[in-house]
Amino acid sequence: MLARLGHLSRGRRFRQLLAVRLVSQCADGVFQAALAAYVLFSPEDKPTVAAVAAALAALLIPYSVLGPFVGVFLDRWRRRQVLLFANVVRVAPVLAAAALVLAGHTGMVLFIVVLAALSVNRFFLAALSAALPHVVEDDDLVTANALTPTAGTVSTMIGAGLASVALVRLPSAHPAAVVVAASAAVYLLAAALATRMPPELLGPETGARPAKLSDALAVVARGLGAGLRHLGQRRGPAGALLVVTGHRFLYGLATVATVVLYRNYFNTPEQTTSAFEGVIGVVLVSGLGYFLAAVLTPLATARLAKESWVALLLTAAAVVVVFPGTLFTQVATLVAALVLGISAQGVKICVDTIVQTGVDDEFRGRVFSVYDMAYNAVFVAAAAAGILVIPADGRSYGLLVAIGVLYAVLASVYARATHRRPAVEQPTGASV
């Protein structure tokens, strides 16, 4: 593990790509935490389950809606340029959001501006996934997938932690507006870092680039269909994608319940600062779990098949949700958050690698966009389902037991399915 990390760290282009990810995703954490504090933890309001679910869904709607379109463009545009301009373009809606927060707006206009900023991020993150195989060797992909998305997620959580400190300590009468505006400067820094890489470095290697936007839009449906057919011919990546989306749905239910617990059960309506700090604490503990997953997953997959490690992680999630989760104390919630963080990120690291090594490069952008669409759409679906099954204070024994049972079923089904066939399927060539 240490040898592979050392080998990765010596790759200059890998370090450059990682730096762009870390800085941009840190800005994401700053931006999102400031908006969450403004919308969900205002002393004037006690948010309902529906309000929490809507706020979380708003963060992910762009990833779901834009997913099919992003890959088609990523397989035609130079991915380094996507990393550059995605960070530059989103500065405008971020500053507009800061102005709206300063003016005290909480309605549809703010919602639309935030969606615009997050929609740009959809292109950025998909480009990072598609670009990674261009800066690391195939033998290092598991380690790279353990390190880079995990480091990005941890960077987001660090950004959220910095934002929470700033929100509490800034002398400004409008700290949320100041923090949102500050995230724009961090996005510009990420854009500057992207210019250190040559425009052609990150691919794509093949595929026609339509001369006009109308031509590109005309092939969206055909490109998505081709990506889905290509994925359908590779049972390993397709099955892994189904597993990670099931995990994501259950994780989404647990996330909504946790936010509501801290806002309406562990704290009184007046204790908004304590509630916000508690949620940030859960985020940071989850980030620690993501970090541990990055360390443990390469070690585990050096001895086990990736599919076996996924099944073990799902089983761990099943156990911890039921106990200590059902104790409904803050300490128990933090322990559950740590293990769920390890499980969630460990599963994603393995699935990322299975998909990356199981599909052809010319389809990789489209397949990852479908992957990201499904990954985030099920979280939105979980948020919507939470409105129906999560009580007003977030405390439900039945819900946590049901989540635990479903995790266990998912682990069992995937273990049986992957035991009956070879763990790794090699690409058989491009098909349209």
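**Helix packing and buried positions in a predicted model**

In α2, residues A19, V20, V23, S24, A27, D28, V30, F31, A34, L35 and Y38 meet A176, V179, V180, S183, V186, Y187, L189, A190, L193 and A194 of α9. Contact here means heavy atoms within 4.5 Å. Helices (H or I, at least four residues) are DSSP runs, numbered from the N terminus. The model is predicted, and local features need pLDDT of at least 70, side-chain atom pairs count only at pLDDT 80 or more, and totals for chains, interfaces and linings use all residues. Residues are numbered from 1 along each chain as its sequence is written, and side-chain values use heavy atoms, with hydrogens and water left out.

Two packed helices are described by the angle between their axes and the distance between the axes. For α2 and α9, the packing angle is about 165 degrees and the axes lie 8 Å apart. This makes α2 roughly antiparallel to α9 (angles over 145 degrees count as such). Axes are lines fitted to C-alpha atoms, for helices over the stretch in contact, and angles run from 0 to 180 degrees between N-to-C directions. The crossing of α2 past α9 is left-handed; that is, the near helix is turned anticlockwise from the far one by less than a right angle.

Helix α9 spans residues 175-194, 20 residues in total. From first C-alpha to last it reaches 30 Å, close to the 28 Å expected at 1.5 Å a residue. The expected span is 1.5 Å times one less than the number of residues. Buried positions in α9 are P175, A176, A177, V179, V180, S183, A184, Y187, A190, A191, L193 and A194. Buried means under 20% relative accessible area (1.4 Å probe, protein chains only). These buried residues pack against α2 (12-40), α5 (79-89), α6 (91-103) and α8 (141-169).

The largest nonpolar core holds 99 residues, of which F31 and Y407 touch the most other members. Its largest share, 14 residues, comes from helix α12 (residues 235-264). A nonpolar core is a set of buried Ala, Val, Leu, Ile, Met, Phe, Trp, Tyr and Cys residues joined through side-chain atoms within 4.5 Å. Beyond its neighbours within four places in sequence, F31 is in contact with V94, A97, V114, A117, L118, V180, S183 and Y187. A second, separate core of 33 residues includes A126, A131, L132 and A190.

L241 is found in helix α12. It counts as buried because its relative accessibility is 8%. Leaving out residues up to four places away in sequence, L241 touches L231, V351, Y371 and A374. L241 and K348 are 107 residues apart in sequence, yet 9.2 Å apart in space, C-alpha to C-alpha.

Q356 is placed in helix α15 (residues 330-358). At 2% relative accessibility, Q356 is also buried. Its contacts, not counting residues up to four places away in sequence, are S129, L132, P133, L141, N145, R364 and F368.

Backbone features occur in two loops. A cis peptide bond joins G203 and P204, with omega about 10 degrees. P204 sits in the loop between α9 and α10 (213-218). Another cis peptide bond joins F323 and P324, with omega about 15 degrees. P324 lies in the loop between α14 (306-322) and α15. F328 lies in the loop between α14 and α15. Its phi is near 55 degrees, a positive value in a residue other than glycine. F328 counts as buried, at 6% relative accessibility.

Key. Buried means under 20% relative accessible area, exposed over 50%, partly exposed in between (1.4 Å probe, protein chains only). Angles under 35 degrees count as roughly parallel, over 145 as roughly antiparallel, 65 to 115 as roughly perpendicular and the rest as oblique.
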